[in-house]
Amino acid sequence: MDEKKKMIETRYVADPKQPYGLHDCRIDNMEISNGNLTLGFRDEITRIPRPGVTGLDVHGKIVVEGIDQDFCEVILQGKGNSKGGFRGERLTIPEFAEKYKGYLFEVINEYYGWHRLQFTGWLWMPNTYPKEITLSLSYFKGDIVYITEE
């Protein structure tokens with residue numbers, strides 16, 4: 001009864017579905033209003049090229065609709081390049097915006113999942129060493145809306 005089974009190859013091809021990439025973009029404003037989170041950018045965001053669509057840097061903002069603030073947080077991990085135990089802060093978005101006025105959040109990595117969004121990178125503040133930062137939206141009900149000047 002030892003039948004030799006045919007091996008099947010299944011490939012996963014990374015193909016980002018989001019229309020814009022945020023790598024190296026700098027978030028300078030996070031605002032919650034009417035259950036939506038708006039992210040403002042100091043610089044441009046990059047349209048991801050696809051067949052029939054050219055890449056382009058544009059000014060704009062992102063609105064994440066229908067967030068649940070109980071599942072949204074900003075995590076700061078002390079100064080960069082430190083190893084060892086966790087030394088940082090876990091804040092709500094309003095707490096972060098109040099405490100870190102004048103910040104720039106440089107996005108290095110972006111992760112998109114089913115009603116989940118996470119950005120990681122560097123928090124830049126005047127006259128201080130950068131800290132590692134994560135913005136985590138663990139659940140939202142609406143869409144991610146890109147509002148751009150093109």
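**Exercise 1. Find which backbone oxygen lies 3.0 Å from a polar atom of the side chain of Arg47, and decide whether Arg47 is buried or exposed.**

Solution. 
- Step 1: The oxygen belongs to the backbone of Thr54, and its distance from a polar atom of the Arg47 side chain is 3.0 Å. The model is a predicted one.
- Step 2: Locate the residue. Strand E4, residues 45-47, contains Arg47.
- Step 3: List the neighbours, leaving out residues up to four places away in sequence. Arg47 touches Pro19, Tyr20, Val53, Thr54, Gly55, Leu56 and Glu150.
- Step 4: Apply the cut-off. Buried means under 20% relative accessible area. Arg47 has 17% relative accessibility and therefore counts as buried.

**Exercise 2. State how many helices and strands the protein has, and give the order of its elements.**

Solution. 
- Step 1: The count is 1 helix and 11 strands.
- Step 2: Read from the N terminus, the order is β-β-β-β-β-β-β-α-β-β-β-β.
- Step 3: Turn to the contacts between residues at least 6 apart in sequence. Of these, 57% join residues at least 24 apart.

**Exercise 3. Find how far apart the mean positions of the positive and negative charges are.**

Solution. 
- Step 1: The protein has 19 positive and 23 negative charges.
- Step 2: Their mean positions are 6 Å apart.

Terms used: Residues are numbered from 1 along each chain as its sequence is written. This is a predicted model: local features need pLDDT of at least 70, side-chain atom pairs count only at pLDDT 80 or more; totals for chains, interfaces and linings use all residues. Side-chain values use heavy atoms; hydrogens and water are left out. Helices (H or I, at least four residues) and strands (E, at least two) are DSSP runs, numbered from the N terminus. Contact means heavy atoms within 4.5 Å. Lys and Arg count as positive and Asp and Glu as negative; His and the chain ends are not counted. The place of a charge is taken as NZ of Lys, CZ of Arg, CG of Asp or CD of Glu. Buried means under 20% relative accessible area, exposed over 50%, partly exposed in between (1.4 Å probe, protein chains only). A polar contact is a pair of N or O atoms within 3.5 Å; within protein, one must be able to donate a hydrogen and the other to accept it, and residues adjacent in sequence count only if both atoms are side-chain atoms.
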